[in-house]
Amino acid sequence: MSATSGDAGSTVTVERDGHMLLMGLNRPAKRNAFTRQMIGELASAYGRLEADDDLWCGVLFAHGDHFTGGLDMLDVGAELVSGEFAVPEGGRDPWRLDGNWSKPVVAAAQGWVMTLGIELLLAADIRVAARDARFSQFEIRRGIYPFGGATFRFPREAGWGNAMRWILTGEEFDAAEAHRIGLVQEVVGDGAAAVARAKEIAGVICERSAPLGVRTALASAHRAREHGDAAAIARLRPDIARLTATADGAEGVASFAERRDARFTGR
């Protein structure tokens, strides 16, 4: 069963669909430009995803014609001056700059994908874009610079020259270029198709992959990235021993022996 939270004034819709949490940017009349309220609501949604052991994957998308036009500069001006964006109690930074994360996020984007929108995609694990998506890391043209992770994630994902080409000029690029440089993994028809494809990928993760295995794989990849291969190697065999001893580990072996799909429970 699906469950939706939020009221008529919500700038982010939150819907639970089985083991998925669907998080929708919901300020379409303003091209989903981020206000303080919107940042707080998205942070709360990400906090829910990370805290609930029965949620195994998140899907980030946007209502309307555009993913986001970036920040609503008039609303968040004071935060820009102070350099502080408050996260509500129980929330998590949706740009994932606040420590370790254990749940994968699949993101879908269409229309304008500006500034912090690119950084939301970079903070996700798998990204899908509609063919009409237009991207710009525009901050440099507003006298500031990207502060949501692009300065280190964009070069890592796209390569130094590709990232600097767009970060240092602020120029616009299209979905084909985003795919070429690895910012997105797939390009599909329109916004609805992008959301459907993101849900499909998240559904595969939730329905066919062992959630404890997913979390351990993510942790291993992050460990290697942050601390080097040796740190990840040191945990490989202890982690596999731990996973094998779980109920899902036993189910994985049984499903192989019985030649059927596994039925994982996250235990």
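Here are some friendly notes on the structure above, going from the whole chain to single pairs of side chains.

1. **What you are looking at.** This is a predicted model, in which local features need pLDDT of at least 70, side-chain atom pairs count only at pLDDT 80 or more, and totals for chains, interfaces and linings use all residues. Residues are numbered from 1 along each chain as its sequence is written, and side-chain values use heavy atoms, with hydrogens and water left out.

2. **Overall build.** The chain contains 10 helices and 10 strands. Both are DSSP runs numbered from the N terminus: helices are H or I with at least four residues, strands are E with at least two. For 267 residues, a compact globule would have a radius of gyration near 18 Å, and the 19 Å of this chain agrees with that. The radius is taken over C-alpha atoms, and the globule rule is 2.2 Å times the number of residues to the power 0.38.

3. **Inside the fold.** Of the 267 residues, 48% are buried. Buried means under 20% relative accessible area, exposed means over 50%, and partly exposed lies in between (1.4 Å probe, protein chains only). Among contacts with a separation of 6 or more, 65% join residues 24 or more positions apart; a contact means heavy atoms within 4.5 Å.

4. **A helix to look at.** Which residues of helix H5 (residues 160-167) are buried? They are Ala163, Met164, Trp166 and Ile167. Their cover includes helix H4 (150-158), strand S9 (172-174) and helix H6 (175-180).

5. **Glu157 and its two partners.** The structure has 17 salt bridges, each a side-chain nitrogen of Lys or Arg within 4 Å of a carboxyl oxygen of Asp or Glu. In one of them, Arg127 meets Glu157 at 3.1 Å, N to O. This pair links distant parts of the chain, with Arg127 in strand S7 (residues 126-130) and Glu157 in helix H4, 30 residues apart. Arg127 is buried at 2% relative accessible area, whereas Glu157 is partly exposed at 27%. Glu157 also forms a salt bridge with Arg225, with the closest N and O atoms 3.6 Å apart. Arg225 lies in helix H8 (residues 211-227) and Glu157 in H4, so this pair ties together parts 68 residues apart in sequence.

6. **Another bridge.** Arg134 and Glu172 form a salt bridge, their closest N and O atoms 2.6 Å apart. Arg134 is in strand S8 (residues 134-136) and Glu172 in strand S9, 38 residues apart. Arg134 is partly exposed at 31% relative accessibility, and Glu172 is partly exposed at 41%.
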